[in-house]
Amino acid sequence: MTADLILRVVLLTDYNTRVVVFGTVMLGIAGGVIGVFLLLRRRALLADAVSHAALPGIAGAFLVMVAFGADGRSLPGLLLGALIAGLLGMACVSVIDRYTHLSEDAALGIVLSVFFGFGIALLGVIQKMRGASAAGLASFIFGKTASMLRSDAIFIGVSAVAIVVVAVFLFKELRLATFDPAFGASDGWPVGILDLVLMALVVGVTVLGMQAVGVILVIAVLIVPPAAARFWTDDLARTTVIAGAIGALGGYVGTSISALAPRLPAGAVIVTVMGVGFVVSLMFGTSRGLVHVARERHRLLMRIREQNLLRALFECEEAGAAVDTDRQMSYLGNARSYTGAELGRALARAERDGLVRRDERGVWAFTNAGRARAARFTRNHRLWETYLLEYAESAPSQVDYGADFIEHVLGEELVAELERVVEREGRRVPESVHTLKRGPA
Amino acid sequence: MNDPTRPNAIALHTRDLTVAYHQKPVLWDVDLDVPEAVIAGIIGPNGAGKSTLIKAILDLMPRATGRVELFGKPYAVQRRLIGYVPQRESVDWEYPINALELVAMGLYRKIGWFKPVSRVYREQARAALSEVGMADYADRQISRLSGGQQQRVFLARALVQDALIYFMDEPFAGVDAATEKAIVDILRRLKESGKTVFVVHHDLESVTEYFDYLIMLNMRVVAAGPVDEVFSSENLRRTYGGRLTLLDKAVNAVGRTM
Ligand SMILES: Nc1ncnc2c1ncn2[C@@H]1O[C@H](COP(=O)(O)OP(=O)(O)OP(=O)(O)O)[C@@H](O)[C@H]1O
Ligand SMILES: [Mg+2]
């Protein structure tokens, strides 16, 4: 494998690769976009049942076309068969679910396995038939991306664009139908029909994906990118865009890798690449990724600990207890629920951050930077406490003990008023660096 | 603001309404005629069938027998005139949607098919959020709100719907006193503009203050009518039984206000 080959694939110089990449990228986009709504509707497994149920449709369509003397491998014909069988499978699930005591997961399991098994049996029959060249059919199980023709890719591209356009136009309606169908119905929206439209789009993507990734794996195109996208944002429109992008990336990277190593089945590689995208999102997603959440949490904890320590030290000075090590330590120990070791660690961290140092007597004292920060925290804290008392009704949405400057949240005037309240009660408010910075009045 | 061509129109009319879960009827023979432009309280003990009554009116569950009309026509025809806030929202709280977008959902009907939510509508939704004291939370994903805050957001969504008849199943459960007052003010404004509001309520002490019409329910209608006619100790006993010490307090309240 030479660098030249890699470059040719990545830059899509090769005509065949270009065709296939186009097809899989469009499929990835459509799957990602529609999959978001599918996932939010909690119907992911229904789509899996639909795709498995499509296999006997493909085999059946082949038999019908051969019986009429046509080429059994015509793609539109096969996909039409897949579509019909998929819809039939979906109907079976809802009939079993609605009219029997069996739950939906049992219905899904029955339809998925029985239809798929029947499909495999039909493929066996076809392989035994004389004359009929059924070579391509088995590739629908795991997909055979490389067999994609220019016309197939264009067909996938056009359908994908149509699917995405429908999703864009019905964005708000689909949000309503997936978030709160009961409300939607009471508001006069045909949620049942919207649900059907969504499922039709899902079946559409499933059928489009069959050739490229196969009936078993096509569900991944619908589920993995949307699930990954949820770790990056809490906004539906952005989720949809990100899911489409991850789907497209999976199609592009997966197809390229399999073009470089021709024995790797592209469908499987595409799904694997999407899986990598999922893991990366799960770890590093900027909204709910595990690493992100843990890091934010850690930062917050550190901040709160630092603020509490600085405030305790400041109050220790105010109380005149910062005269020798013993009194200071016992003051700090009492002020907060520190164990000796925790206190030591907190002080060591603050020292490393250049906020405190030990003087010659071994007593902890502020550096200039530390004193300014401690004064600010103490001031904020006292003002917030007063604010909570004075403005209890609106407070919970305003109070931010962690805010750097209370003035930024409440405005200078209100803060000045709070200062007066605190001082009237005989407590001291450390001066604000914020107002000092504004220069002499 | 009553329409003179339609004096004292009947907002809600039910005849012979019976509702059953499985084999067991939980509401019997409900006959109601509630005039428009009132705030109507629905009271009764837990399990009395208050939520069931609303659900049966709104076709959310099948009725065993009986007829329901809203302004003289069945719900199926009138549903665009109805706003509903259920007792407990059964939505996916992790859904990627924030408070403002949720409230805007109440405006979808006005916006119409295919069009996105434009700035005008976003501002309307924002105004409704601040009416229920939630303006500061517009951008919060809904699972990151407290229970009472979530409830207020759903209430705001009903308010922007601009319905003629509202059904609110315990809108005051879990909200603080200040918010309760704010919501009551909103209800009064709705009433003044000719809307009819049904409110399931549990606090008997505030009944005379909040409502001008009252439906007292315990598997059947014990009494229904203007508050000062039906809110009596006799009817309370028939609704709640003699067992509640709480009744005495409420009855005292009746004595005071009448
Ligand atoms: N899904 C259900 N299946 C069977 N029975 C039900 C169901 N929902 C409610 N019930 C029964 O119907 C009766 C009326 O219930 P409903 O929810 O209307 O009471 P409610 O007056 O709203 O009470 P609450 O004050 O607790 O909200 C109760 O006895 C209850 O047990
Ligand atoms: Mg109830």
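Which residues come nearest to ligand 1? Of the 14 residues around ligand 1, the nearest are B:G47, B:G49, B:K50, B:S51 and B:T52. The model is predicted.

**Ligand 1**

- The side chain of B:S51 has an N or O atom 2.7 Å from an oxygen atom of ligand 1.
- For B:T52, an N or O atom of the side chain lies 2.4 Å from an oxygen atom of ligand 1.
- B:Q87 also reaches ligand 1, with a polar side-chain atom 3.0 Å from an oxygen atom of the ligand.

**Magnesium ion (ligand 2)**

- The protein donors of the magnesium ion are OG of B:S51 and OE1 of B:Q87, at 1.9 to 2.2 Å from the ion.
- B:S51 belongs to helix α1 (residues 50-57) of chain B and B:Q87 to the loop between β5 (82-85) and α3 (99-104) of chain B, so the pair ties together parts that are 36 residues apart in sequence.
- B:S51 has a relative accessible area of 16% and counts as buried, because buried means under 20%.
- B:Q87 has a relative accessible area of 37%, which makes this residue partly exposed.

**Largest pocket**

- The largest pocket holds about 530 Å³ of space.
- Its lining has 29 residues, and those closest to the centre are B:K55, B:Y84, B:P86, B:Q87 and B:R88.
- Two or more lining residues come from each of these elements: α9 (181-186) of chain A, and β2 (24-35) and α1 of chain B.
- Sorted by class, the lining of the largest pocket consists of 11 nonpolar, nine polar and nine charged residues.

**Second largest pocket**

- The volume of the second largest pocket is about 390 Å³.
- The lining of the second largest pocket is made of 21 residues, with A:V20, A:T145, A:A146, A:S258 and A:A259 nearest its centre.
- Helices α2 (15-40), α11 (236-260) and α12 (266-284) of chain A are the elements that give two or more residues to this lining.
- Among these, α2(A) contributes the most to the lining of the second largest pocket, with four residues.
- By class, 11 nonpolar, seven polar and three charged residues line the second largest pocket.

**Cavity**

- The structure has one cavity of 30 Å³ or more.
- The largest cavity has a volume of about 30 Å³.
- The residues lining the largest cavity are A:T24, A:L27, A:G28, A:V221, A:G247, A:G251, A:I270 and A:M274.
- At least two residues of the lining of the largest cavity come from each of α2, α11 and α12 of chain A.
- α2(A) supplies the largest share of the lining of the largest cavity, three residues.
- The lining of the largest cavity has four nonpolar and four polar residues, and no charged residues.

**Single residues**

- B:K195 sits in the loop between α7 (177-192) and β7 (196-200) of chain B.
- With a relative accessible area of 11%, B:K195 is buried.
- The side chains of B:K195 and B:D162 are joined by a polar contact of 3.1 Å.
- A:I126 is part of helix α5 (residues 104-128) of chain A and is buried, at 1% relative accessibility.
- Between A:I126 and A:A59 the sequence separation is 67 residues, while their C-alpha atoms are 7.8 Å apart in space.
- B:E123 lies in helix α5 (residues 119-131) of chain B and is partly exposed, with a relative accessible area of 40%.
- B:E123 and B:M219 are 96 residues apart in sequence, and the C-alpha to C-alpha distance between them is 43 Å.

Notes: Residues are numbered from 1 along each chain as its sequence is written. Chains are lettered from A and ligands numbered from 1 in the order in which they are written. This is a predicted model: local features need pLDDT of at least 70, side-chain atom pairs count only at pLDDT 80 or more; totals for chains, interfaces and linings use all residues. Side-chain values use heavy atoms; hydrogens and water are left out. Donors are N, O and S atoms within 2.8 Å of the metal (3.2 Å for Na, K and Ca); water is not among the atoms, so sites may look incomplete. Buried means under 20% relative accessible area, exposed over 50%, partly exposed in between (1.4 Å probe, protein chains only). On a 1 Å grid over the protein atoms alone, a cavity is a set of points where a 1.4 Å probe fits but cannot get out, and a pocket is an open set with protein on both sides within 12 Å along at least five of seven lines; lining residues have an atom within 4 Å of a point. Grid points are joined across faces, edges and corners, and a volume is the space filled by probe spheres set on the points. Ala, Val, Leu, Ile, Met, Phe, Trp, Tyr, Cys and Pro count as nonpolar, Asp, Glu, Lys and Arg as charged, and the others, Gly among them, as polar. A residue is near a molecule or strand if one of its heavy atoms lies within 4 Å of it. A polar contact is a pair of N or O atoms within 3.5 Å; within protein, one must be able to donate a hydrogen and the other to accept it, and residues adjacent in sequence count only if both atoms are side-chain atoms.
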